[in-house]
Amino acid sequence: MEEAVNNGKDYWYVLRCYPGKEKALQDEMRNMWQVETFVPMQHERKRDAHGRFCWVSKCALTGYVFLHTTQLLFKEMEKSSRKYWFMKHKVDALWKPIIVPDRDMESFIRVAGSKEERVAYVDPNQLRFKKGDRVRVVAGPFVGVEGEFLQIGGKHEKRVVIQLAGLVAVATAAIPASMVEKIG
(Lines give C-alpha, C1' and ligand atoms only; values in the text may rest on other atoms or scores of the structure.)
Protein backbone atom coordinates (compact mmCIF):
# COMPACT_ATOMS: atom_id res chain seq x y z
CA MET A 1 0.00 0.00 0.00
CA GLU A 2 1.25 3.43 -0.89
CA GLU A 3 1.02 6.61 1.10
CA ALA A 4 -0.72 9.44 -0.72
CA VAL A 5 1.26 12.60 -1.30
CA ASN A 6 -0.75 15.78 -1.77
CA ASN A 7 -0.06 16.38 -5.45
CA GLY A 8 -2.08 15.99 -8.65
CA LYS A 9 -1.24 12.28 -9.03
CA ASP A 10 -4.09 9.79 -9.36
CA TYR A 11 -4.35 6.87 -6.95
CA TRP A 12 -6.49 3.74 -6.86
CA TYR A 13 -8.87 3.83 -3.88
CA VAL A 14 -11.20 1.09 -2.65
CA LEU A 15 -14.87 1.98 -2.13
CA ARG A 16 -17.44 -0.10 -0.28
CA CYS A 17 -21.12 0.09 -1.08
CA TYR A 18 -24.26 -1.85 -0.33
CA PRO A 19 -24.41 -5.29 -1.99
CA GLY A 20 -25.96 -5.17 -5.45
CA LYS A 21 -25.23 -1.45 -5.89
CA GLU A 22 -21.77 -1.80 -7.45
CA LYS A 23 -22.76 -1.07 -11.07
CA ALA A 24 -24.99 1.87 -10.04
CA LEU A 25 -22.14 3.34 -8.00
CA GLN A 26 -19.73 2.79 -10.87
CA ASP A 27 -22.08 4.67 -13.24
CA GLU A 28 -22.54 7.47 -10.69
CA MET A 29 -18.76 7.87 -10.26
CA ARG A 30 -18.21 7.95 -14.03
CA ASN A 31 -21.06 10.37 -14.77
CA MET A 32 -20.93 12.70 -11.77
CA TRP A 33 -17.18 12.80 -11.10
CA GLN A 34 -15.73 11.72 -14.51
CA VAL A 35 -13.28 9.28 -12.91
CA GLU A 36 -12.00 5.87 -13.94
CA THR A 37 -13.58 2.96 -12.05
CA PHE A 38 -13.34 -0.81 -12.04
CA VAL A 39 -15.85 -3.39 -10.84
CA PRO A 40 -14.59 -6.97 -11.21
CA MET A 41 -17.16 -9.13 -12.96
CA GLN A 42 -17.37 -12.89 -13.17
CA HIS A 43 -18.62 -14.48 -16.38
CA GLU A 44 -20.41 -17.80 -16.08
CA ARG A 45 -21.93 -20.07 -18.66
CA LYS A 46 -25.47 -21.01 -17.58
CA ARG A 47 -28.62 -22.44 -19.10
CA ASP A 48 -31.49 -20.03 -19.72
CA ALA A 49 -35.19 -20.81 -19.25
CA HIS A 50 -35.26 -22.55 -22.67
CA GLY A 51 -32.32 -24.82 -21.86
CA ARG A 52 -29.87 -22.96 -24.10
CA PHE A 53 -26.44 -21.94 -22.86
CA CYS A 54 -25.76 -18.24 -22.38
CA TRP A 55 -23.17 -16.08 -20.63
CA VAL A 56 -24.18 -14.33 -17.42
CA SER A 57 -22.13 -11.58 -15.78
CA LYS A 58 -22.28 -10.93 -12.07
CA CYS A 59 -20.23 -8.85 -9.67
CA ALA A 60 -17.31 -10.93 -8.42
CA LEU A 61 -16.59 -8.89 -5.28
CA THR A 62 -19.85 -7.93 -3.64
CA GLY A 63 -19.79 -4.38 -2.35
CA TYR A 64 -16.44 -3.27 -3.85
CA VAL A 65 -15.70 -0.60 -6.46
CA PHE A 66 -12.16 0.53 -7.32
CA LEU A 67 -11.74 4.22 -8.11
CA HIS A 68 -8.83 6.05 -9.80
CA THR A 69 -8.70 9.71 -8.79
CA THR A 70 -6.65 12.49 -7.20
CA GLN A 71 -6.41 12.96 -3.45
CA LEU A 72 -8.20 16.33 -3.71
CA LEU A 73 -11.20 14.85 -5.56
CA PHE A 74 -11.13 11.88 -3.17
CA LYS A 75 -11.60 14.22 -0.18
CA GLU A 76 -14.50 15.94 -1.96
CA MET A 77 -16.17 12.58 -2.71
CA GLU A 78 -15.66 11.37 0.83
CA LYS A 79 -17.79 14.24 2.16
CA SER A 80 -20.53 14.04 -0.49
CA SER A 81 -22.42 10.78 0.03
CA ARG A 82 -23.52 8.18 2.52
CA LYS A 83 -24.26 5.59 -0.19
CA TYR A 84 -20.62 4.52 -0.16
CA TRP A 85 -17.53 4.77 2.02
CA PHE A 86 -13.81 4.44 1.39
CA MET A 87 -11.86 1.54 2.87
CA LYS A 88 -9.29 2.70 5.41
CA HIS A 89 -6.53 1.22 7.54
CA LYS A 90 -4.76 2.47 10.65
CA VAL A 91 -1.32 4.03 10.11
CA ASP A 92 0.46 5.63 13.08
CA ALA A 93 -2.82 5.90 15.05
CA LEU A 94 -4.55 7.65 12.10
CA TRP A 95 -7.13 6.18 9.74
CA LYS A 96 -5.89 6.60 6.14
CA PRO A 97 -7.51 5.46 2.89
CA ILE A 98 -6.27 2.22 1.39
CA ILE A 99 -4.36 2.99 -1.79
CA VAL A 100 -3.65 0.18 -4.24
CA PRO A 101 -0.36 0.58 -6.16
CA ASP A 102 -0.83 1.22 -9.90
CA ARG A 103 1.21 -1.85 -10.94
CA ASP A 104 -0.88 -4.19 -8.76
CA MET A 105 -4.15 -2.64 -9.97
CA GLU A 106 -3.10 -2.96 -13.63
CA SER A 107 -2.39 -6.68 -13.16
CA PHE A 108 -5.62 -7.13 -11.20
CA ILE A 109 -7.65 -5.46 -13.97
CA ARG A 110 -5.96 -7.59 -16.65
CA VAL A 111 -6.92 -10.80 -14.84
CA ALA A 112 -10.23 -9.87 -13.20
CA GLY A 113 -11.40 -7.99 -16.30
CA SER A 114 -10.77 -10.90 -18.66
CA LYS A 115 -13.56 -13.08 -20.02
CA GLU A 116 -11.58 -16.15 -18.92
CA GLU A 117 -13.96 -18.59 -17.24
CA ARG A 118 -11.40 -20.11 -14.93
CA VAL A 119 -10.29 -16.93 -13.15
CA ALA A 120 -10.67 -17.58 -9.41
CA TYR A 121 -11.42 -15.02 -6.70
CA VAL A 122 -9.83 -15.95 -3.41
CA ASP A 123 -9.97 -14.56 0.13
CA PRO A 124 -6.28 -13.86 0.90
CA ASN A 125 -6.81 -15.06 4.49
CA GLN A 126 -7.96 -18.48 3.31
CA LEU A 127 -5.17 -19.23 0.87
CA ARG A 128 -3.34 -22.42 1.82
CA PHE A 129 0.04 -22.07 0.24
CA LYS A 130 3.59 -21.16 0.93
CA LYS A 131 4.55 -17.76 -0.48
CA GLY A 132 6.05 -18.17 -3.92
CA ASP A 133 8.36 -16.24 -6.15
CA ARG A 134 7.27 -12.99 -7.75
CA VAL A 135 6.75 -13.68 -11.47
CA ARG A 136 5.64 -12.06 -14.72
CA VAL A 137 3.58 -13.93 -17.32
CA VAL A 138 5.50 -13.95 -20.65
CA ALA A 139 3.05 -15.83 -22.89
CA GLY A 140 -0.66 -16.51 -23.25
CA PRO A 141 -3.70 -14.33 -22.56
CA PHE A 142 -2.24 -12.84 -19.36
CA VAL A 143 1.13 -11.73 -20.78
CA GLY A 144 2.59 -8.90 -18.68
CA VAL A 145 0.62 -9.70 -15.52
CA GLU A 146 2.76 -9.73 -12.36
CA GLY A 147 2.04 -11.65 -9.18
CA GLU A 148 3.10 -14.73 -7.23
CA PHE A 149 3.39 -18.16 -8.86
CA LEU A 150 1.52 -20.42 -6.44
CA GLN A 151 -0.24 -23.71 -6.03
CA ILE A 152 -3.72 -23.13 -4.63
CA GLY A 153 -5.79 -25.41 -2.43
CA GLY A 154 -3.87 -28.64 -3.00
CA LYS A 155 -4.59 -28.72 -6.73
CA HIS A 156 -1.89 -29.87 -9.11
CA GLU A 157 -2.11 -26.74 -11.20
CA LYS A 158 -0.23 -23.54 -10.51
CA ARG A 159 -1.64 -20.04 -11.03
CA VAL A 160 -0.41 -16.47 -10.87
CA VAL A 161 -2.09 -14.76 -7.90
CA ILE A 162 -2.50 -10.99 -7.60
CA GLN A 163 -3.32 -9.70 -4.10
CA LEU A 164 -4.72 -6.22 -3.49
CA ALA A 165 -4.01 -4.55 -0.16
CA GLY A 166 -4.91 -7.72 1.77
CA LEU A 167 -8.56 -7.32 0.67
CA VAL A 168 -8.85 -9.72 -2.21
CA ALA A 169 -6.79 -11.98 -4.38
CA VAL A 170 -7.48 -13.09 -7.92
CA ALA A 171 -5.84 -16.08 -9.57
CA THR A 172 -5.38 -16.65 -13.28
CA ALA A 173 -6.34 -19.86 -15.01
CA ALA A 174 -3.70 -22.60 -14.68
CA ILE A 175 -0.39 -21.52 -16.19
CA PRO A 176 2.55 -23.80 -17.04
CA ALA A 177 5.91 -22.80 -15.55
CA SER A 178 7.30 -22.24 -19.05
CA MET A 179 4.98 -19.23 -19.47
CA VAL A 180 6.36 -17.25 -16.50
CA GLU A 181 9.65 -15.61 -15.61
CA LYS A 182 10.96 -14.77 -12.16
CA ILE A 183 11.28 -11.05 -11.37
CA GLY A 184 12.85 -9.04 -8.51
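With which side chain does the side chain of Gln 26 make a polar contact? In this predicted model, the partner is the side chain of Thr 37, at 3.2 Å.

1. Setting of Gln 26. This residue belongs to helix H1, residues 22-33. Gln 26 has a relative accessibility of 3% and therefore counts as buried, the cut-off being under 20%. Setting aside residues up to four places away in sequence, Gln 26 touches Thr 37, Phe 38 and Val 39.

2. Helix H1. The helix has twelve residues, and its first and last C-alpha atoms are 16 Å apart, close to the 16 Å expected at 1.5 Å a residue. Its buried residues are Glu 22, Leu 25, Gln 26, Glu 28, Met 29 and Trp 33. They lie on the same side of H1, because the arc they cover around the axis is only 160°. The elements covering them include strands E1, E2, E4 (53-59), E5 and E6 (84-86), together with helix H2 (71-80).

3. Directly after H1 comes Gln 34, a non-glycine residue with a positive phi of about 55°. Gln 34 sits in the loop that leads from H1 to strand E2 (36-38), and with 60% relative accessibility it counts as exposed. Asp 92, also not a glycine, has a positive phi of about 50°. Its loop lies between strands E7 (88-91) and E8 (94-97), and Asp 92 is exposed at a relative accessible area of 72%.

4. Largest nonpolar core. In soluble globular proteins, nonpolar side chains tend to be buried together. Here the largest such core has 28 residues, of which Phe 66, Met 105, Phe 108, Val 160 and Val 170 touch the most other members. Two or more residues each come from strands E1 (10-17), E5 (64-70), E11 (134-137), E13 (158-164) and E14 (168-171), and from helix H3 (102-112). H3 gives the largest share, four residues.

5. Beyond its neighbours within four places in sequence, Phe 66 is in contact with Trp 12, Tyr 13, Val 14, Glu 36, Thr 37, Phe 38, Pro 40, Leu 61, Met 105, Phe 108 and Leu 164.

Terms used:
Residues numbered from 1 in each chain as written. Predicted model: local features only at pLDDT ≥ 70, side-chain atom pairs only at ≥ 80, totals over all residues. Heavy atoms only, no water. Core = buried A, V, L, I, M, F, W, Y, C linked by side-chain atoms within 4.5 Å. Buried < 20%, exposed > 50% of the residue type's maximum accessible area, 1.4 Å probe, protein only. Contact = heavy atoms within 4.5 Å. Polar contact = N/O pair within 3.5 Å; in protein donor to acceptor, adjacent residues only side chain to side chain. Expected span 1.5 Å × (residues − 1). Arc of directions from axis to C-beta.
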